[in-house]
Amino acid sequence: MAEINYDSLVEVFKGNLWEAELVKGLLESEGVQAMVKDETLSAVTSPYSGMGGAVLVLVNKEEEVYARKLVSERNSA
């Protein structure tokens, strides 16, 4: 199993779990590998809105510019 180097990941989105999953799906449909961070904590605390931390969508640094462009286009649509 390949080891994940979290130093090479950058945040391109922060929000709640369902938004983060939508953004992750959008990025992956465009060929950008993405991962969701803090998914478990959010899933546990989501019934108590405002009590949990934000869920992040992370991508490789090399894909950051393209990923931010895709997220920006999604938010402006």
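**Helix α3 and the sheet**

The buried residues of α3 pack against β1 (9–15), α1 (17–29) and β3 (55–60); contact means heavy atoms within 4.5 Å. Helices (H or I, at least four residues) and strands (E, at least two) are DSSP runs, numbered from the N terminus. This is a predicted model, in which local features need pLDDT of at least 70 and side-chain atom pairs count only at pLDDT 80 or more, while totals for chains, interfaces and linings use all residues. Residues are numbered from 1 along each chain as its sequence is written, and side-chain values use heavy atoms, with hydrogens and water left out.

The buried residues in question are A67, L70 and V71 of α3, where buried means under 20% relative accessible area and exposed over 50% (1.4 Å probe, protein chains only). They cover an arc of only 95 degrees around the axis, so they lie on the same side of α3; the arc is taken from the directions from the helix axis to the C-beta atoms. On the other side of α3, V65 and S76 are exposed.

The sheet is open and has three strands in the order β1-β3-β2, with antiparallel pairing; two strands pair if DSSP finds at least two bridges between them. Because β1 and β2 (34–37) stand at the edges with a single partner strand each, one side of each has no neighbour in the sheet. Six bridges join β1 and β3 in the antiparallel sense, and E11 has L58 in β3 as its bridge partner. Helix α3 packs on the sheet, where it touches β1 and β3, and its direction makes about 15 degrees with that of β1 (axes are lines fitted to C-alpha atoms, for helices over the stretch in contact, and angles run from 0 to 180 degrees between N-to-C directions).
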